[in-house]
Amino acid sequence: MKKDIYKFIRHSIIFLVIFLITATSYFLVASFYSEIPLKVGVQWIKPFFDHKIKLGNNISEPKLILLGGSSVDFSLSATKMEKELGIPTINFGSTASLSDYIFHVVKEIAKEGDTVFIPLEYHYYYCQRKGLFEPVTLRERYILYYDKEYYNSLPLYDRLAAKFSGFRDLIRMMDESNWEYSEFEDLPASLTINGDEKNTEPSLKPPKVKEIDWPIEFYSSFESDFESGYCVQELSSFIDWSLENNIRVIASYPSLYDFKGAYYEGRYPKIFMLIEDFYNKKNVQVVGTPYDFLYPYEDFFNTGYHLHSEAREKHTDKVIELLRDPLSDMTEMRLE
Amino acid sequence: MLFNSLQFLVFFPVVVFLYFLFPHKYRWTLLLGASYYFYMCWKPEYVILIIASTLIDYFAGQQIYNARSKVKKKLFLTISLISNLGILAAFKYFNFFSDSVRVIFEQFSVDMSLPVLNVLLPVGISFYTFQTLSYTLDIYRGQIKPQKHLGIFAVYVSFFPQLVAGPIERAKNLLPQFFEKHNFDYYRISNGLKLMLWGFYKKLVIADGVALAVNKAFANPAEQTGATLVLATVLFAFQIFCDFSGYSDIAIGAAQVLGFKLMTNFKRPYHAHSISNFWKRWHISLSTWFRDYLYIPLGGSRVKIPRWYLNLFIVFLVSGLWHGANWTFVIWGGLHGFYLIMSLVTKKWREKLLVFTRFDKLKRIHYLFQVVFTFILVNIGWIFFRANSLSDVKIIFGKMYEFILLWPDLITQKLSIREVISFHSIQEKLALTKIDLAIVFGAILFMELVHLLQAQVGVRKFMSSKPLIVRWAVYLILIWAILLFGVFGHKEFIYFQF
């Protein structure tokens, strides 16, 4: 038996050394080439953010910042909210799926006295910290290519994970090398001065509304992992930062395609409660319920989160009514 | 705890290390603790169900064995059956039955609102319930003696490698192994680790590699085309095989490292030349369970022909229901029962036809035809298995029928293949790029080549004939294939839900 143990240990060590040599070689190559695939598909995000930051900083204060992903970008009209509520409003929704990174970027425009309204899409509550071997997302690509400072501030594990997968994805992205995202090239021009999307009229609806019929799929241990989830932790830190800087946070829910009544059954009602409880615990006011913002198929532009311009008006009206009371102090202050 | 998690990557070596460090006498305590911890990582409170099952069957087993009268034996067996199946029914089937009753009453305009249980299905409940049931049933039949050592019996019920997704072990195979002293054996351990590696390859590269495309196709079949649905069904066939057999390989490999020999669960099922042959190769531990504890007690084939067919049909219906509390699973089971009955009914005609067409002389081509035809039949079954509802099944078959109607035009070249299916449509509908497809089909092809090798000479025999450097290069390539092409993240095994 001893002979077997020694043989096993000997062979394991040799095998491990060989593996480590190949792994080191991989990382060496990866550190040289990882930026190649990272650039693909993220070029358009830079002018988009630069433009929104510029718009946000040009607006007078105190202001209302609409923060979230593409649902905010498409489905809320900051222009209308500014007019109706009498508060300078910026649509800081991001079409790029940058998950928790938006909480970092918004800090560039959020100032003392501002209010941040966060009707986050549901994937913000279950996005996880990227595993070492998981594919890079737009978030990692963007950070590695355009925000080196933020990248360097990340823990070593996250930096290694981005490098490792960045190179790995080069193989998978070979046939995507012609990605130009030409439709986004004129992005700044497609935004209003409040940061709203301009070209989303129902008549411009793409021929096929992609992914619209997907009910949101929460993974099976979502409920138990919720509070410890990576993005929820990041959101929690962002709320803490806001409160420390005298920035008010108001939470709500995104516009969503009412998929065959699915959200009224099964796990969904409980999950919605979980989200509300989270905000309550953080002393963040929540306005409306998820069910207030469920809309029929015809109201959507190109995904189950993006309303077209007509439905956006309807949705914005609802949100304005819900925000009128909580924001009355800001309105009064401006009137004074 | 998932096998494909970092947690397991730490847990398993620690358990193995401690296992060989512990004196043989106390190893069961380590295995029991590790097994309960393994299960509790998912939902701690549900371990109570395993403990309840263990205690019920431990005492029922003793009572059945010690009872002098047949009536008493039957009584304790009934207690065991009712308790185990009762727990299973409550957690897995209650909502299905209450919903079905409600729908039936609705047909007669009667509003019958039955209560709904809002509980999570305990992971692996069908697996460990069937394992413990086989124990009491075997004692009742006088095939085994009850286990006196409660601790070892508890390990038998909860043994972590096969606790949540099988193979469903039998007491006479597994229980005695807990009393055997397993020494540190280099070859056994390295073989176990290699089998685990192969299981991870199947799970992470193939099963999880196609999961997104399959989910997308079946989530909304109305948005798909017939061609993409055919592709998604074939991909699902490989997904479910690689997911489940991958789990079995990891389970068998992990047990082998510890010195245990679990039963084979899969034998290249897509190489089956008939449906009955398929069931001798697919989820063997479950099909033999149904054979021994349901089919044979029903009379098996030693009854009149109509009754035999009915027996077969019942077994497959129950097997379908075992897989899930949904009519789609029941129909899937029923369909396989129907296939088997039809193969028996038409056997003589088929043989005559074979002789008449002289196809019987072309054995290889005939065999290949049988394999392909069986694969098609199995895939038709998978549509019921995977579809979210019966209305989705209808849509899928409708779209596939439309696709078949295009074939004459394709053959006569009135229509080009690109108009029916293109990389662009696959990318749009299934979110699979050319590279993704190349990786997935390359990985499947490699797996099938290994299967062929396994059928011809045996993979271990083939590998052991190669020099060490070649063998290690293959293992290293396999590890890097997993790291580079595997899909990592929160991916559970499909069979957990059963």
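In which handedness of crossing does H8(B) pass H9(B)? The structure examined here is a predicted model, in which local features need pLDDT of at least 70 and side-chain atom pairs count only at pLDDT 80 or more, whereas totals for chains, interfaces and linings use all residues. Residues are numbered from 1 along each chain as its sequence is written, and chains are lettered from A and ligands numbered from 1 in the order in which they are written.

Helix H8 (residues 186-219) of chain B packs against helix H9 (residues 226-258) of chain B at an angle of about 155°, the two axes being 6 Å apart; helices are DSSP runs of H or I with at least four residues, numbered from the N terminus, and axes are lines fitted to C-alpha atoms over the stretch in contact, with angles from 0 to 180 degrees between N-to-C directions. H8(B) is therefore roughly antiparallel to H9(B), a term that applies to angles over 145 degrees. H8(B) passes H9(B) in a left-handed crossing, meaning that the near helix is turned anticlockwise from the far one by less than a right angle.

The domain assignment of chain B, automatic or from a database, gives domain 1 (6-181) and domain 2 (184-262 + 425-498). The centres of these two domains of chain B, taken over C-alpha atoms, are separated by 28 Å. In chain B, 16 residues of domain 1 are in contact with 16 residues of domain 2, contact being counted if the C-beta atoms, placed from the backbone, lie within 7 Å. Helix H1 (residues 6-21) of chain B gives the most to the side of domain 1 that touches domain 2, with 4 residues.

How values were computed
Helix = DSSP H or I, 4+ residues; strand = E, 2+ residues; numbered from the N terminus. Parallel < 35°, antiparallel > 145°, perpendicular 65-115°, else oblique. Contact = placed C-beta atoms within 7 Å.
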